[in-house]
Amino acid sequence: MIDFWQNEDVIFPVTVFLIPNLLKENAVPVTRRAIQTLCACGARVLLPAAVRGCMAGEPAEFLEDAAAFDRCDVIVTVGGDGTILHAARCSIGCAKPLLGINVGRVGFLATVEADEMEKLERLVHGAYSLDRRSLLSVSVSGQNRFRQTALNDVVICKASPFRTIDIEIFCDDIPVGRYMGDGVAIATPTGSTAYSLSAGGPVLDAHIAGIVVTPICAHSLHSPPMVFSAERRLCVRVSAPGQAHALLSCDGCEPETVSCRDAVTAALSEQFISLICFNEADQFEAIDKKLRGR
């Protein structure tokens with residue numbers, strides 16, 4: 001289940017692992033302002049060793065990622081949703097809460113904008129809540145065996161832009177859907193506002209425990225999105241006539257190859273990610289401010 005609770009046990013001084021995406025415009029000046037704000041509040045700041053050249057002279061300690069994830073109390077990213085998703089994947093298992101400062105285009109998962117540095121003061125003083133988000137565990141069996149975890153979604157799509165693929169979906173080994181199209185998006189409630197939404201899927205309250213399955217450009221009038229219980233185990237089989245394989249991507253990462261003999265299994269993981277937020281309605285405020293009217 002997904003819970004929402006008030007943070008009550010903050011140890012001072014707070015150690016923050018600050019992860020900037022230097023490919024984003026304004027990431028460097030926003031990161032410098034974040035460092036100044038955090039240090040002024042008495043926080044200890046860690047930065048990735050890889051950004052030492054750009055952040056020289058800042059009152060921060062440069063560490064390799066593994067050491068920083070281990071030593072920090074909270075993780076703060078400066079970038080867009082992709083930066084948050086990357087940090088979430090890297091921090092699975094370390095149980096450190098995550099906060100995003102948005103310098104991207106949408107930054108739907110971020111709860112701090114570049115002009116809201118005062119929220120970092122609340123972070124240091126523990127005036128925030130933890131929003132526990134489900135993760136999706138994805139495994140591929142067959143010729144191409146691998147396992148991945150996603151905060152947003154797993155997308156299975158055609159390898160050729162000029163052909164379709166056939167998709168079969170099973171829930172607990174029972175067939176529940178079959179269609180031809182560009183692919184399928186399997187999303188967590190968090191990811192229901194990402195690719196799944198663009199493909200016509202529903203927006204789920206992030207506190208709901210469930211899985212959304214949304215066909216992508218299905219060549220059919222009878223292939224609606226489906227929402228499954230958190231206890232369900234889904235299996236997707238792909239047939240790609242005229243193609244050697246399809247592609248699978250978790251949270252927009254570099255895709256893996258999935259052959260027609262492979263079975264893709266997806267279920268909610270026992271692990272989770274805690275997002276730092278300052279309002280129980282942050283998700284709905286983001287929908288109103290960042291998605292409505294786009």
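This is a predicted model: local features need pLDDT of at least 70, side-chain atom pairs count only at pLDDT 80 or more; totals for chains, interfaces and linings use all residues.
User: To start with leucine 46, does it count as buried or exposed?
Analyst: Leucine 46 counts as buried because its relative accessibility is 0%. Buried means under 20% relative accessible area and exposed means over 50%, with partly exposed in between (1.4 Å probe, protein chains only).

User: What is the mean pLDDT of the protein chain?
Analyst: The mean is 89, and 90% of the residues reach 70 or more. pLDDT is the predictor's confidence in each residue, from 0 to 100. Over residues 1–6 pLDDT stays under 50, and the model has 23 contacts for them beyond four places in sequence. Contact means heavy atoms within 4.5 Å.

User: Back to leucine 46, please. Where is it found, and which residues does it touch?
Analyst: Leucine 46 is in strand β3. Not counting residues up to four places away in sequence, it touches Thr15, Val16, Phe17, Leu18, Glu61, Leu63, Ala68, Arg71 and Cys72. Leucine 46 and valine 16 are 30 residues apart in sequence, with a C-alpha to C-alpha distance of 6.0 Å. Strands (E, at least two residues) and helices (H or I, at least four) are DSSP runs, numbered from the N terminus.

User: And isoleucine 35, how many residues is it from leucine 46 in sequence?
Analyst: Isoleucine 35 and leucine 46 are eleven residues apart in sequence and 9.4 Å apart in space, C-alpha to C-alpha. Isoleucine 35 lies in helix α1 and counts as buried because its relative accessibility is 0%. Leaving aside neighbours within four places in sequence, its contacts are Leu18, Val45, Leu47, Met55, Glu58 and Pro59.

User: Which residues touch the most other members of the largest nonpolar core?
Analyst: They are Leu47, Ile101 and Leu123, in a core of 30 residues. At least two core residues come from each of β2 (15–20), α1 (27–40), β3 (44–48), β5 (74–79), β6 (98–102) and α4 (118–124). Helix α1 gives the most, with five residues. A nonpolar core is a set of buried Ala, Val, Leu, Ile, Met, Phe, Trp, Tyr and Cys residues joined through side-chain atoms within 4.5 Å.

User: What else is in contact with leucine 123?
Analyst: Beyond four places in sequence, leucine 123 is in contact with Leu38, Val74, Val76, Leu99, Tyr128, Ile276 and Phe278. There is also a second, separate core of 29 residues, which includes Val184, Phe228, Leu234 and Leu268.

User: How many aromatic pairs does the structure hold?
Analyst: The structure holds one. The rings of phenylalanine 17 and phenylalanine 69 have centres 5.1 Å apart and planes at 85 degrees, so the pair is edge-to-face. Rings of Phe, Tyr and Trp (its six-membered ring) pair if their centres lie within 6.5 Å; planes under 30 degrees apart count as stacked, over 60 as edge-to-face and the rest as tilted.

User: Where in the chain are the two partners?
Analyst: Phenylalanine 17 is in strand β2 and phenylalanine 69 in helix α2 (residues 65–71), so the pair links distant parts of the chain, 52 residues apart. Phenylalanine 17 is buried, with a relative accessible area of 1%, and phenylalanine 69 is buried at 8%.

User: On to helix α3. Which of its residues are buried?
Analyst: In α3 (residues 81–91), Thr83, Ile84, Leu85, Ala87, Ala88 and Ser91 are buried. These residues pack against β2, α2, β5, β6 and β19 (263–277). Just after α3, glycine 93 takes a positive phi of about 100 degrees.

User: Lastly, threonine 214. Which side chain does its own join in a polar contact?
Analyst: The partner is the side chain of serine 196, at 2.7 Å. A polar contact is a pair of N or O atoms within 3.5 Å; within protein, one must be able to donate a hydrogen and the other to accept it, and residues adjacent in sequence count only if both atoms are side-chain atoms. Threonine 214 is found in strand β14 (residues 210–216) and is buried, with a relative accessible area of 0%.

Technical notes
Residues are numbered from 1 along each chain as its sequence is written. Side-chain values use heavy atoms; hydrogens and water are left out.
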